[in-house]
Amino acid sequence: ARSGAACAMPPVGRSAWCLLLLAAVRPGRAGTSLRWRRPTRADCEKAIAAHVHAPHNYPNPGVTLASAAPRIPGRGLHRAIAMHATVGHGRRAYRRARAALLDMSFHADARDAMVASGDGLVSVARTSAGFGWCVNPCRVVYRRPGPRTTSVAYGTLKGHLIAGEERMTVSWAPRTGAVDFSLLSVARGSGHSGRCAFLLVRRMQERFFRSQLACMERVAAGERLQEV
């Protein structure tokens with residue numbers, strides 16, 4: 001991505017560059033905010049309420065449903081990440097996973113988490129540099145429940161440093177009994193600062209998605225979730 005080259009990191013060290021990028025991202029501003037301590041449930045609900053009328057920050061919400069090869073239009077690096085795991089077996093495991101996916105509760109007990117309230121939600125993730133927490137506004141784009149396959153997708157809102165959509169699908173194969181959970185994320189940086197930050201966040205994204213897989217496995221097994 002040629003436009004991403006203009007955002008190459010200067011020789012100041014990864015952690016220092018992350019600090020420089022995030023220094024202007026403060027609580028109280030619309031969009032992505034940086035918290036030095038992990039936000040509470042009340043903090044997350046306040047952030048969700050602040051973005052209840054915010055539009056998506058990309059032009060094609062629902063792209064992960066409408067296209068076999070979804071892509072977010074715009075400048076700079078584009079990234080697609082797909083992950084998959086068998087998280088359980090049997091109809092009961094599927095029903096547990098489906099319910100937790102539809103109300104977006106399956107990831108609530110993770111360190112890096114999604115906190116939902118209705119269709120609004122925020123993602124909470126530790127920064128790649130190991131200090132501070134990013135709180136990012138999102139909203140559910142669609143829910144597609146079914147007896148054997150259920151999908152939910154959410155997309156980023158105006159002010160988020162990333163523009164993109166993540167689709168999560170739980171499926172049950174009666175012949176084998178396997179319950180599978182798959183993720184597909186398509187995204188790019190939003191705005192100049194977002195395009196620069198996007199070069200640094202792949203590891204944070206992958207850690208977040210792996211955490212989702214692990215949490216869904218616990219849900220399918222019938223473990224009770226307890227918010228961090």
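Gln212 is found in helix H7, which spans residues 202–220, helices (H or I, at least four residues) and strands (E, at least two) being DSSP runs numbered from the N terminus. With a relative accessibility of 0%, Gln212 counts as buried, where buried means under 20% relative accessible area, exposed over 50%, and partly exposed in between (1.4 Å probe, protein chains only). Leaving aside neighbours within four places in sequence, Gln212 is in contact with Phe106, His107, Met114, Tyr154, Glu166, Met168, Phe181 and Leu183, a contact meaning heavy atoms within 4.5 Å. The model is predicted, so that local features need pLDDT of at least 70 and side-chain atom pairs count only at pLDDT 80 or more, whereas totals for chains, interfaces and linings use all residues. Residues are numbered from 1 along each chain as its sequence is written, and side-chain values use heavy atoms, with hydrogens and water left out.

For the chain as a whole, seven helices and eight strands are assigned, and buried residues make up 50% of the 228 residues. Of the contacts with a separation of 6 or more, 66% are accounted for by residues 24 or more positions apart.

Five salt bridges are counted in the model, under the criterion that a side-chain nitrogen of Lys or Arg lies within 4 Å of a carboxyl oxygen of Asp or Glu. One of them joins Arg143 to Asp119, with the closest N and O atoms 2.5 Å apart. Because Arg143 lies in strand E5 (residues 133–144) and Asp119 in the loop between strand E3 (113–117) and strand E4 (120–126), this pair ties together parts that are 24 residues apart in sequence. Arg143 is partly exposed at 28% relative accessibility, and Asp119 is likewise partly exposed at 41%.

Within helix H7, Arg202 and Glu206 lie four residues apart, about one turn of the helix, and their side chains meet in a salt bridge at 2.9 Å, N to O; Arg202 is partly exposed, with a relative accessible area of 38%. A further salt bridge links Glu223 with Arg218 at a closest N to O distance of 3.1 Å.

Arg41 is placed in helix H3 (residues 41–50) and is partly exposed, its relative accessible area being 31%. The side chain of Arg41 makes a polar contact with that of Glu45 at 2.9 Å, a polar contact being a pair of N or O atoms within 3.5 Å, of which, within protein, one must be able to donate a hydrogen and the other to accept it, and residues adjacent in sequence count only if both atoms are side-chain atoms. The Arg41 side chain also reaches the backbone oxygen of Ala116 at 2.8 Å, although Arg41 and Ala116 are 75 residues apart in sequence and 9.6 Å apart C-alpha to C-alpha.
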